[in-house]
Amino acid sequence: MNYKALFSIALTCLLLTSCGGATRLDANKLPKGYTLNKKLSIPSDVPLAIYLPKSVLEGSFVQKYSNRRVEVGKSLISAMDTVTNKYFTKVSYFDPSSDENFGLLLDIEPKWDYKNGDIVLTFNYKVLNAQQKIIMESSTTYEGTFNYQYPNVGFYNSSLRATQQMMVKLLNKLKPTAAIYPEVATMNSVSTELLADMEKPVSSGTGFHINANGQILTAAHVIRNCLVVKAQVGEKVTNASLVQESPLLDLAVMETGKPTENYLKFRKTNDIVLGEKVTTVSYPLKGLLEASPNLTLGNISSKKALKGSLGLFQFSAPIQPGSSGGPIVSEHGDVLGVVTSTLNISSLVERGVIPQNVNFGLDTKYINKFLNKHSFEYKYNSKKLDSKNVSDATLAATVQLACYQ
Amino acid sequence: MRLLFLTLIFISMSLTAVNAKDAKTLPMHFFTTLPDEVPFESLKKLPLLSEIDKNLPGSPVVITVSLSQQNTTGGEAAGFASALLSGSTLGLIPIITNQDWTLRYDILVNKKKIASYSYTENFTETINIYAGIDSKLDKKTMDWIESTIPQLEESLQSDKALKELIEEYNFYF
């Protein structure tokens, strides 16, 4: 054999290796070491519901070097549909408001990781029956090849194999048939706390009471995609449910059903004064700082915010992640706004600019419009409180919100 | 009576016309991952998107345009065979790929997706193994991207979530 031929074979082998992850794996073939019990009746006639956190379903990113969008969530769903529809006659995704029936509920917590250029997908999952009793709990991991030219395929393949592994374990253990699992329940009857990972919130934010009914005003992004929201008022933790939101204003009202005497009142004149002193109270950096409110002071630094922003003003009181939704209160105790965001400094740092305390809040004018539109109760402040009372009243009315998925 | 009825209809029609005329177009920040911002000018010509702007960093409403690729089953087999052939000829013969390209328009409000429209087209490409990956789009792809705009306009006009968003914008601002 001459060198040319050897080189040609070597190059072919190299090409074949680099092709790994470029093609979708065969869904009819199970991963190594996984076999289905031959006595199983497949497809199962038990209606299966699957819960996946919404943030996972919507996951996508833009690959920098190719500028192509990589659809992580869609790849996962596509693989999951391919596998589950093979083994169950009826498969649907869990919707807490749906009255659709299920016999088994599969609660999956997927975790993506990257190791030596490979995609590692881990499914921590549990299966609940119609009585909402956990009948199986396990986890499975699959390490798949990542191909930079075909990233969607890599995510699909890892999802496909991990789902197959999970399905084989589930089917072999539970042997699901309508004869064994005859009972069904509706999705809206399920306690969402059973599905969400209640050990650790995925995010946290701040809110404040706006009336004696215990309704809480916060920034809408604080509670987005949450399956369960808990409000911590002092030492007490209560459930909070969404009543109304405006994604445009980034505003939401939550219901706790717990009446309170501690609520904040709004400025009647609806105008903010440039330079006036403000106080913010929030619960930032949950998990890092002790669960105690942070009170910061600053000024209204501008009546306008970034170019194109709507209804926002700029203030200088320092805020941190987790401060969103907190109240911005005047030195006399009137609510002037809600903390919504801060300047994203990462791109500016690259240019050698480090801006300080450029934070944004939604003007009370739009908050009042929102509250009036949806007929929420709130009051205007008629008293001029001293600084001690302002701090006390703001601290007492502010709550920490934790989001679980 | 009839005259009064007709007058009332006329007045209500005039009011509707005035309201529709007075309705402000929603400003949106435009963001694309495409190497050439091809669709910007064409999108700006659509009445519902006439206020899109590449420089509105604070806008709560963002329209994004992105492209993704997916191998087809036939394309995988052809690509695999052509890769083998290409390798065995030391790259003299290019690799042939067949892919579905998906162009996606997303409308996000404070990072919450409220509308998404995607259009898919099949493309066959030849790739030289010694050439780097080219993120530029050829004329055929550009033409296809442009051709999706009338379909997008139709989708935008019938989108309930977008209509509600525009109404909300006009209510608050």
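Buried residues are those under 20% relative accessible area, with exposed over 50% and partly exposed in between (1.4 Å probe, protein chains only). The model is predicted: local features need pLDDT of at least 70, side-chain atom pairs count only at pLDDT 80 or more, and totals for chains, interfaces and linings use all residues. Residues are numbered from 1 along each chain as its sequence is written, chains are lettered from A and ligands numbered from 1 in the order in which they are written, and side-chain values use heavy atoms, with hydrogens and water left out.

**View 1. Buried residues of H8(A).** Val390(A), Thr394(A) and Ala397(A) are buried in H8(A); helices (H or I, at least four residues) and strands (E, at least two) are DSSP runs, numbered from the N terminus. These residues lie on the same side of H8(A), because they cover an arc of only 75° around the axis, the arc being that of the directions from the helix axis to the C-beta atoms. The buried residues of H8(A) pack against strands E10 (203-209), E17 (277-282), E20 (327-330) and E23 (398-404) of chain A.

**View 2. Aromatic pair of Phe266(A) and Tyr378(A).** Over all chains, the whole structure holds 15 aromatic pairs (rings of Phe, Tyr and Trp, the last by its six-membered ring, with centres within 6.5 Å; planes under 30 degrees apart count as stacked, over 60 as edge-to-face and the rest as tilted). Phe266(A) and Tyr378(A) form an edge-to-face pair, at 5.4 Å centre to centre and 75° between the planes. Phe266(A) lies in strand E16 (residues 265-266) and Tyr378(A) in the loop between helix H7 (364-373) and helix H8 (387-397) of chain A, so the pair ties together parts that are 112 residues apart in sequence. Phe266(A) is buried at a relative accessible area of 0%, and Tyr378(A) also counts as buried, at 16%.

View 3. Phe30(B) and Phe40(B) form an edge-to-face pair, 4.9 Å centre to centre with 65° between the planes. Phe30(B) belongs to strand E1 (residues 28-32) and Phe40(B) to helix H2 (residues 39-44) of chain B, ten residues apart. Both Phe30(B) and Phe40(B) are buried. The charged end of Lys54(B) sits over the ring of Phe40(B), 4.5 Å from its centre (NZ of Lys or CZ of Arg within 6 Å of the ring centre and within 35 degrees of the ring normal).

**View 4. Lys373(A) and Phe171(B).** Lys373(A) lies over the face of Phe171(B), 4.9 Å from the ring centre.

Technical notes. Contact means heavy atoms within 4.5 Å.
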